Amino acid sequence: MGIRDIEKMETMGDFEIMERIAGHEQVLICNRPEVGLRAIISIHDTTFGPALGGTRMQMYNSFDEALDDSLKLSRGMTYKCIGADVDFGGGKGVIIGNPKTDRKPELFRAYGQMVDSLHKRFYTGTDMGTEIGDFTHALKETRQIAGKPPEFHGGGDSSEPTALGVIYGIEAANKELYGTRDIASRTYAVQGLGKVGFKVAEHLLARGAKIFAADISGDSVKAIADRADALDGEVEFVPLEDIYTVDADVFVPCAIGGVINDETLKDFRMQAIVGSANNVLASDAHGEVVHERGILYAPDYIVNSGGLIQVADELYGANPDRVMTKTRNIGHSLERIFDISKERNIGTFRAADEMCEQKLELRRKMDSMFSAEGRPKWDFDN
């Protein structure tokens with residue numbers, strides 16, 4: 001930590017910084033000015049196992065903003081790991097810098113040393129603003145890297161299990177709304193044709209569904225049109241701002257977060273929301289509105305956990321078949337969440353949180369003197 005950071009923290013008054021991180025087990029501030037490293041690693045909860053979460057790189061306006069981001073994201077990872085039924089806790093790293101100009105091998109080697117200093121309490125990999133190549137440099141300093149490419153004994157591209165998780169989520173939503181998991185008989189509005197969204201759209205077309213699609217990239221639009229022709233599928237393109245008002249059954253957000261908000265809900269007519277985007281709801285209040293209007297929302301951190309499942313599974317040795325088996329359970333988790341929502345008459349976003357919190361509390365009660373000091377399920381060192 002630099003002198004200016006310390007001085008700033010001292011001006012917060014009455015240990016405000018301690019109050020902000022009170023819900024977290026550990027926060028590590030990383031400062032290596034000789035290589036330009038300024039980072040924060042937040043470990044939220046390790047009740048279920050070592051913390052697992054990606055490391056993002058972006059320009060933050062202040063230390064406070066970076067800290068808040070790491071705290072929020074690491075907490076979200078705890079719930080995501082519990083929801084995905086992987087025995088890991090939640091953590092997150094944020095590197096303060098410009099990903100276009102500041103990413104360099106020495107920075108990520110220094111970051112790898114910081115990760116290694118946590119003695120297997122935190123495993124990390126790529127996130128927004130970082131690439132897998134960055135972490136091949138970190139691998140020279142620590143083994144606590146996940147989401148590696150196949151040539152480094154990793155599972156490689158995690159977009160396929162993520163996309164399949166969305167498809168299983170759509171099946172669960174269809175069963176809840178229409179009594180059948182059949183995909184072909186419904187229509188879908190796909191927002192975003194990136195790595196995951198494109199694969200989701202492909203799967204929907206391959207199963208005979210009509211899709212509406214919107215993306216900022218003309219190349220992606222052309223590519224999915226070509227795939228639709230090859231699959232004899234039907235796709236209709238709409239402007240970005242119109243994707244919320246199309247006459248479809250299911251909204252499939254696969255791009256930015258916060259897209260369910262006051263503005264987009266005005267003319268929203270679709271019956272379900274199931275997608276890979278993070279933080280789809282702009283706020284909990286919008287989740288309540290969705291619930292009151294009878295729109296079925298599949299909580300995003302459950303739906304998009306296929307990639308997490310692959311990354312967590314990789315630590316035991318990459319096994320694609322095992323990943324796919326675990327990813328299929330996403331649909332079953334959603335069915336349980338839908339049941340809780342109906343039983344309690346609460347929004348599905350609250351039902352998901354409550355389900356995870358109950359599992360967390362039960363796990364805490366099970367951690368006792370009977371627990372082995374070294375648990376075999378975490379005996380990995382890839």
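This is a predicted model: local features need pLDDT of at least 70, side-chain atom pairs count only at pLDDT 80 or more; totals for chains, interfaces and linings use all residues.
A residue counts as buried when its relative accessible area is under 20%. Cys 254 has 11% relative accessibility, so Cys 254 is buried.

Start with the overall form. The protein chain has 382 residues and a radius of gyration of 21 Å. A compact globule with 382 residues would have a radius near 21 Å, so the chain agrees with that expectation. Along its principal axes, the C-alpha trace spans about 60 × 45 × 45 Å. The secondary structure comes to 15 helices and 12 strands. Buried residues make up 51% of the chain. Consider contacts with a separation of 6 or more: 67% of them join residues 24 or more positions apart.

Now go inside. The largest nonpolar core has 63 residues. Ile 170, Tyr 188, Val 200, Leu 204, Val 252 and Leu 334 have the most contacts inside it. Helix α6, residues 159-178, gives this core its largest share, eight residues. Leaving aside residues up to four places away in sequence, Val 200 touches Ala 163, Val 166, Ile 167, Val 252 and Cys 254. A second, separate core has 22 residues, including Tyr 244, Phe 251, Leu 265 and Tyr 297.

Next come the aromatic rings. The structure holds four aromatic pairs. One of them joins Tyr 79 and Tyr 301.

Phe 251 and Phe 268 form a pair with ring centres 5.7 Å apart. Their planes are at 85 degrees, so this pair is edge-to-face. Phe 251 belongs to strand β10 (residues 250-253), while Phe 268 sits in the loop between α9 (262-265) and β11 (272-273). The pair therefore ties together parts that are 17 residues apart in sequence. Phe 251 and Phe 268 are both buried. Together with Tyr 244, they form one aromatic cluster.

A ring can also face a charge. The charged end of Arg 186 sits over the ring of Tyr 178, 3.6 Å from the ring centre.

What about the cysteines? A search of the whole structure finds zero disulfides. A disulfide is a covalent bond between the sulfur atoms of two cysteines. Here, two sulfurs must lie within 2.5 Å to count. For Cys 81, the closest cysteine sulfur is in Cys 356, 9.9 Å away, which is too far for a bond. Cys 81 is buried, because its relative accessible area is 0%.

Finally, look at the backbone. Most residues other than glycine have a negative phi. His 153 is not a glycine, yet its phi is positive, about 65 degrees. His 153 is found in the loop between α5 (132-138) and α6. At 66% relative accessibility, His 153 is exposed. Asn 279 also has a positive phi, near 50 degrees, in a residue other than glycine. Asn 279 is found in the loop between β11 and α10 (284-292). Its relative accessible area is 41%, so Asn 279 is partly exposed.

Note on methods. Residues are numbered from 1 along each chain as its sequence is written. Side-chain values use heavy atoms; hydrogens and water are left out. Buried means under 20% relative accessible area, exposed over 50%, partly exposed in between (1.4 Å probe, protein chains only). A nonpolar core is a set of buried Ala, Val, Leu, Ile, Met, Phe, Trp, Tyr and Cys residues joined through side-chain atoms within 4.5 Å. Helices (H or I, at least four residues) and strands (E, at least two) are DSSP runs, numbered from the N terminus. Contact means heavy atoms within 4.5 Å. Rings of Phe, Tyr and Trp (its six-membered ring) pair if their centres lie within 6.5 Å; planes under 30 degrees apart count as stacked, over 60 as edge-to-face and the rest as tilted. A charge sits over a ring if NZ of Lys or CZ of Arg is within 6 Å of the ring centre and within 35 degrees of the ring normal. The radius of gyration is taken over C-alpha atoms; the globule rule is 2.2 Å times the number of residues to the power 0.38.
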